[in-house]
Amino acid sequence: MNRIEAFASRLAPTEELRRIQNQCRSEPARDGGNPVTQKLCILLLVSLLSLNAFAAEPQLKVQAHLQPADGAMVGGLVELQVDVLTDTWFTRAATLPDLKLDGALVMPPDSQAQHLNQTIDGQAFNGMRYSYLITPNVAQRYDIPALTVRATPAQATSEINAQTAPLQFSAAQPPGFKPGDVPLVATAVRLGQTIINSATPLKVGDSITRQLTLQADGTLAMALPTPTLGDVAGLSRYAKTPQVTTLDDGRGDILGGQRIDSVTYRIDSAGSHTLPAIEVQWWDSSTRQSRTAQVPAVTFDAATNSAYKPVFSIAEDLKQLGRNRLHLSTQWLLWVFVLVALLALGYLSRAPLTRARLAMQAHKQARHAAWLQSPDYAWQQINPQLAARPAQLSALYLWLRRSRLGLKLVDAGPRLQGLMRGLYGREPSTEKTLAQLRQSLTTLHSQAEQQQQKSTPALRPLNPVHEKDFP
C-alpha cells in the first residue's frame, strides 16, 4: 500500500493525492476493510491520473520583472529579467524577440542563461532566466511592451507562444549633472594611466605615449565616456583606436566594462611640456553620490636635437626659392597658358569638326555612287568579262547604254558592228573575234565617243525613257 501511494505522489499533486487516499480508504471500509479492494481502488485511480498526465499538453509560463524596479538613473543599468518556465523540460533554447526603446541602449540576452526552479499553484516548474540590459540616456518614462516568447517544451506537439506583461520605468537625471548629459553610473570606477617614452632623455623628434584605462563596475562597456585627450602646444597628437571590452566573472555574468584610450605625442619644440590632468565625473549608484576619478598631469622636458629635421619641413625649399617667397617661371606660365588655350580650342571646335567630317564622308559616298553609275566604270568591266569563260558582253551593253548610245550597234561605229557579226553571224568565230575585240577596245572607245558627239541632239527628248542597268 505504501509503495503504491509513493508512486501516485509522483503523478498527482499533494491535494489530489490526499483526496484519492481518503476515497480509497473510505470505500473499502464499507466492505469490511478488505485490503484487496483497497489496493484495486488505488491502482485504478493511479492509472487514471497517469493517463491524464500523459495526455495533457505541457504548460509554458513567461514572467518579466525589472531590476531595480525603481530609482533608475540616466546612464545607469536596468535589467529586464524574462523567466521562461515549463512543467516538463525544454528541447531547445527559447526564442526571445528584439527590444528597442527610444532614448536607451538595449543589449539583448546572450547565450548564457540562469537555470530556475519554481513552484506555481502547488505545481513544479523549471526553466531559464534571460536578461535584457538597458541603459537609459534620456530622463523620461520608458514603456516596455509585451514580449512574445516562443519555446518547444518536451511532449509538446508544436511550438508554444506566451507573452509577458507590459512594464514601465522612469529614469531621472543624477544630481550634479547638466540636463542632456549622459553621466557614468556605476558601483565603482577605476581610472589609471601609463606613460611610455620613446627615448631617455627626451629630445625634439622623440615621442611620448599616454595610455588611459577606465574600468567601471555595474555598467555596460558601450556606456563608458570618452576621456578628453586634446592638443598640447609644441606637440603633435596621434590618437589610436580605443579598446572597449566587457568585464565578466568567467561564467558569462557581466560585471562591468573597460575602455583603453592611447595617444602618442611627437615633440616638435624643445622646452618643458605638460600633459593636463584628466578627470571623469560619475554617479555612485550604491551610495547615490557624485564622485570624480582622475589622473594627475604629466610634465616632462625635451632637449634640442640638432640632428632632428621636422617631418614634411619646407623651410629649406622656401630658402632655395628665395627668402620664403615662391617665384613661378615665366616660361612655365606661358606653357600652361598655351596648354589651357589648346584645350579650350579643342573643346569649342569639337562640334564644327564633327560636322565637317560627316560632310566629307557624305560627299565621298556620293562621288563613289556616281562613279558606280558612270560609263567609265562600265568600260572597266568589259575586259574582265571578255577574258572570262564563258565570255560575257553585259558590261559592253551597259557601257553603250550609259554612253547614251542605247542598244543600237550601228551608233557604235563600223568596227564594233564587224566584231558583232563575228560573234553572232552565220559563220561565227568566237575566240578570234573576242581576241580582236580585246585588242580594239581603245579604238572602239574613241569611235564611240566620236559617234556620240555626232549623234547628240541639240534638244533633249520630250519623254525620255530610263532603262535599268543590266545585271
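**Close-up views of a predicted model**

**View 1. The second largest pocket and its lining.** In this predicted model, 34 residues line the second largest pocket, and Leu77, Glu79, Ser131, Leu133 and Ile254 lie nearest its centre. (Pocket: on a 1 Å grid over the protein atoms alone, an open set of points where a 1.4 Å probe fits, with protein on both sides within 12 Å along at least five of seven lines; lining residues have an atom within 4 Å of a point.) The pocket holds about 780 Å³ of space. Strand 6 (123–136) gives the most to the lining, four residues. Strand 2 (72–73), strand 3 (78–86) and strand 16 (254–267) are among those supplying at least two each. (Strands: DSSP runs of E, at least two residues, numbered from the N terminus.)

**View 2. The largest nonpolar core.** This core has 28 residues. Leu80, Val82, Leu99, Ile134, Ile144 and Phe169 have the most contacts inside it. (Core: buried Ala, Val, Leu, Ile, Met, Phe, Trp, Tyr and Cys joined through side-chain atoms within 4.5 Å; buried: under 20% relative accessible area, 1.4 Å probe, protein chains only.) Strand 1 (60–67), strand 3 and strand 6 are among the elements giving two or more residues. A second, separate core of 25 residues includes Tyr265, Val295, Val298 and Ala302.

**View 3. Around Leu99.** Leu99 touches Leu80, Val106, Tyr132, Ile134, Ile144, Pro145 and Leu147, not counting residues up to four places away in sequence. (Contact: heavy atoms within 4.5 Å.)

**Notes.** Residues are numbered from 1 along each chain as its sequence is written.

Definitions and conventions:
This is a predicted model: local features need pLDDT of at least 70, side-chain atom pairs count only at pLDDT 80 or more; totals for chains, interfaces and linings use all residues. Side-chain values use heavy atoms; hydrogens and water are left out. Grid points are joined across faces, edges and corners, and a volume is the space filled by probe spheres set on the points. Buried means under 20% relative accessible area, exposed over 50%, partly exposed in between (1.4 Å probe, protein chains only).
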